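Please read the points beside the sequence and the model.

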Amino acid sequence: YDAAKKQLTIKSGEIDILDGFHRINGFVAALEEDDVDLNIQVAIKNYSTRKAQTYVGQINTINKMDPSHLKALKADRYSDTVVKELQRESDLRGKVSQTSRPSKLQNHLVSYSMLADTIDQQFTLNSKKEALELAEYLTRFFDMLIGSYPDAFMENIEEIREKSLINNNNTFAGYIVLAKRMKEENISLSKLKNIIDSIDFSRDNPMWEEIGVLEKGRLSRRSRNSMIKFFEDLDLEGVT
């Protein structure tokens, strides 16, 4: 940077727009329409990807991002490390939405926050080592789950979702609980399919209304917590 000339010269490296991309597109559109005089404040940072993500999370106060995406950017919990590994290594790759709701168009199964928040609540993680070890276990768990039901989790996600809760976003909170129980109770993952087969996930199963997962056929406000409790109370001995 030449202070006298007020000139910044970037000789090498990669330039990414961290925030304001839509505003820049708006300026471009305006310039294409007319020769207008525009001024924009620019902050240039020399950050690693991780530090840039944290920075965006800190400055996000005016035009707020989706809370789930913001949590993914901040990634300041050990549970975030677990989810990042699941996104890279498991069959959940490409199936985790960065927004609060899974995208139908992109065949998402679960939101980032649903996974990270539930893992944070269910597991006590004190180091990155423990987070990576848990990620390895959950990778095997979800690979076994998804591989056992390809129709529901890979091939016909929306069609199945209309009549079943097996691939519902909130159900994944229950799956995290189930994974924890199987790990702590030393139940082999080879038994996972037997456990899932024992559950009637059909939306017309009256049990889901009775325990508060559904209300008049739609997901209730307490759906996530009710699903967690269902898996906490599930009789695994009778199945395995």
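1. Met 114 lies in helix 5, where helices (H or I, at least four residues) and strands (E, at least two) are DSSP runs numbered from the N terminus. Met 114 is buried, at a relative accessible area of 9%; buried means under 20% relative accessible area, exposed over 50% and partly exposed in between (1.4 Å probe, protein chains only).

2. The model is predicted: local features need pLDDT of at least 70, side-chain atom pairs count only at pLDDT 80 or more, and totals for chains, interfaces and linings use all residues. Residues are numbered from 1 along each chain as its sequence is written, and side-chain values use heavy atoms, with hydrogens and water left out.

3. Which residues does Met 114 touch, not counting those up to four places away in sequence? They are Asn 169, Asn 170, Ala 173 and Arg 224, contact meaning heavy atoms within 4.5 Å. Although 59 residues separate Met 114 from Ala 173 in sequence, their C-alpha atoms are 6.5 Å apart in space.

4. Helix 5 as a whole is mostly covered, with nine of its eleven residues buried. Besides Met 114, the buried residues of helix 5 include Tyr 112, Leu 115, Asp 117 and Gln 122.

5. Two packed helices are described by the angle between their axes and the distance between the axes. For helix 5 (residues 112–122) and helix 9 (residues 171–184), the axes come within 9 Å and cross at roughly 35 degrees. Axes here are lines fitted to C-alpha atoms, for helices over the stretch in contact, and angles run from 0 to 180 degrees between N-to-C directions. The crossing is right-handed, that is, the near helix is turned clockwise from the far one by less than a right angle.

6. On the side of helix 5, this contact is made by Met 114, Leu 115, Thr 118, Ile 119 and Gln 122; helix 9 contributes Phe 172, Ala 173, Ile 176, Val 177 and Lys 180. Seven of these residues are nonpolar, two polar and one charged. In this scheme Ala, Val, Leu, Ile, Met, Phe, Trp, Tyr, Cys and Pro count as nonpolar, Asp, Glu, Lys and Arg as charged, and the others, Gly among them, as polar.

7. Asn 169 is found in the loop between helix 8 and helix 9 and is buried, with a relative accessible area of 13%. Leaving aside neighbours within four places in sequence, Asn 169 is in contact with Ser 100, Pro 102, Leu 109, Val 110, Ser 111 and Met 114.

8. Asn 169 also belongs to the lining of the second largest pocket: of its 20 lining residues, Arg 101, Pro 102, Asn 168, Asn 169 and Leu 219 lie nearest the centre. By class, the lining has four nonpolar, six polar and ten charged residues. Helix 5, helix 8 (157–163) and strand 4 (218–219) each supply at least two of the lining residues.

9. Ser 79 lies in helix 4 (residues 78–89) and is buried, at 1% relative accessible area. Not counting residues up to four places away in sequence, Ser 79 touches Ala 116, Ile 119, Asp 120 and Leu 125.

10. Ala 152 has its place in helix 7 (residues 150–155) and counts as buried at 6% relative accessibility. Ala 152 and Asn 167 are 15 residues apart along the chain, with 6.4 Å between their C-alpha atoms.

Conventions. On a 1 Å grid over the protein atoms alone, a cavity is a set of points where a 1.4 Å probe fits but cannot get out, and a pocket is an open set with protein on both sides within 12 Å along at least five of seven lines; lining residues have an atom within 4 Å of a point.
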